[in-house]
Amino acid sequence: MELRQLQYFLAVAEELNFGRAAARLGIAQPPLSRQIRQLEQELGVELFRRTKRRVELTEAGIAFVEEVRQILAQVEQGVLVAQRASRGEIGRLVVGFEGSSTYDVIPMSLKVYRERFPEVDLAVYAMTTEEQIQALLEGRIGIGFVVSPINDKRLAIETILRESLILAIPENHPLATRTSVRARELESEPFITFQRDRGCGLYDQVIAVCQRANFSPRIIQEADEMQVILGFVAAGLGVTLLSASVVQFQRPGVVYRMLQPSTPKVSLALAWRRDLTSAALQAFIEVVMECAR
């Protein structure tokens, strides 16, 4: 039994006229009659009573009509679902993001994606870069916002933002009167940083900046959340270096100053498994790249 035969049967059942049904289907009447006879033979029942004057549904035909309507409706729905899935309009996508990051492109991208694809089940989890890499490889998340560099050939990496580091200091700090500060001037300052063992690339960037200025930072406190670090700075416990987008967080008691010379760029990137892609994932990448631009 073919889907085409069911479509032919329904047309004849609704028209109760082989000529009108053939015209509706855009085929000649003889092949339509042959297909109906073949369908009846396969089912082992008579679906129509044919006379020279009229065509009527048999009792079996009447019962079969409703079943065929449901079958064809389900097929049509299945086609629509498949097409929507191919466009990334439905499905599930699990996203990880670097919880220590200050990039506004992350919430902006999530907002735009949810607005455009409201029927995609989008789950978002704060994770360190290290945790995201492991989750990607294990298939627990589909894509992540990570701090570069990452060297794993199993992952596709797409850099979306590059920013310099900026100095965050207490508002009553002597250096707060300056518009910019040289890295060498921070040698005697107590530093507050992200936890290195949490897999955040910013820790290594801070160390590198200080070493280029010929000193090792005196780290007195580590934390795994940006807001906690800013709280320590506001309390006067020390200074910190963060990605430049942190300036959007106007924390009372904290001021931001440019660092001289300019630091190497900190990169925020998207990461996903090369062998695991989907239409929903590709649509998400496009939204993020658009928001980053």
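Is R92 buried or partly exposed, judged by its relative accessibility? R92 counts as partly exposed, at 49% relative accessibility. Buried stands for under 20% relative accessible area, exposed for over 50%, and partly exposed for what lies in between (1.4 Å probe, protein chains only).

The model shown is predicted: local features need pLDDT of at least 70, side-chain atom pairs count only at pLDDT 80 or more, and totals for chains, interfaces and linings use all residues. Residues are numbered from 1 along each chain as its sequence is written, and side-chain values use heavy atoms, with hydrogens and water left out.

**View 1. A salt bridge joins D121 and R92.** A salt bridge is a side-chain nitrogen of Lys or Arg within 4 Å of a carboxyl oxygen of Asp or Glu. In this pair the closest N and O atoms are 2.6 Å apart. Helices (H or I, at least four residues) and strands (E, at least two) are DSSP runs, numbered from the N terminus. D121 is partly exposed, with a relative accessible area of 39%.

**View 2. Salt bridges link R178 with E185 and R184 with E187.** A search of the whole structure finds 16 salt bridges. Between R178 and E185 the N to O distance is 2.7 Å. R178 is partly exposed at 32% relative accessibility, and E185 is partly exposed at 31%. For R184 and E187, the closest N and O atoms are 2.0 Å apart. R184 is partly exposed at 41% relative accessibility, and E187 is partly exposed with a relative accessible area of 38%.

**View 3. The largest nonpolar core has 34 residues.** A nonpolar core is a set of buried Ala, Val, Leu, Ile, Met, Phe, Trp, Tyr and Cys residues joined through side-chain atoms within 4.5 Å. L167, L186, F191, L230 and L241 touch the most other members. Two or more residues come from each of β7 (165-170), β9 (190-194), α7, α8 (226-234), β11 (240-243) and β12. The largest share, five residues, is that of β7. Contact means heavy atoms within 4.5 Å. Not counting residues up to four places away in sequence, L230 touches A168, L242, V246, F249, R251, V254 and Y256. Another core, of 26 residues, lies apart from this one and has I143, L268, W272 and I285 among its members. In soluble globular proteins, nonpolar side chains tend to be buried together.

**View 4. Helix α2 has the buried residues F18, A21 and A22.** Seen down the axis of α2, these residues fall within an arc of 100 degrees, so they line one face of the helix. The arc is that of the directions from the helix axis to the C-beta atoms. An α-helix has 3.6 residues a turn, so residues three or four places apart point the same way. The buried residues of α2 pack against α1, α3 (29-43), β1 (48-50) and β2 (55-57).

**View 5. L3, I71, V75 and V79 make a nonpolar surface patch of about 280 Å².** Patches are made of residues with over 30% relative accessible area and no salt bridge; like charges are joined within 9 Å, and nonpolar side chains (Val, Leu, Ile, Met, Phe, Trp, Tyr) within 5 Å. Accessible areas come from the Shrake-Rupley method with a 1.4 Å probe, and for residues only the protein chains shown count as cover. Helix α4 (residues 59-86) gives the largest share of the patch, three residues. V75 is in helix α4 and is partly exposed, with a relative accessible area of 34%.

**View 6. Backbone angles at L16, N214 and the bond from Q260 to P261.** Most residues other than glycine have a negative phi, and most peptide bonds are trans. L16 has a positive phi, near 50 degrees, and is found in the loop between α1 (3-15) and α2 (18-25). Phi of N214 is also positive, near 70 degrees; N214 is in the loop between α7 (201-212) and β10 (218-223). The peptide bond from Q260 to P261 is cis, with omega near -10 degrees. P261 is in the loop between β12 (254-260) and β13 (266-273).
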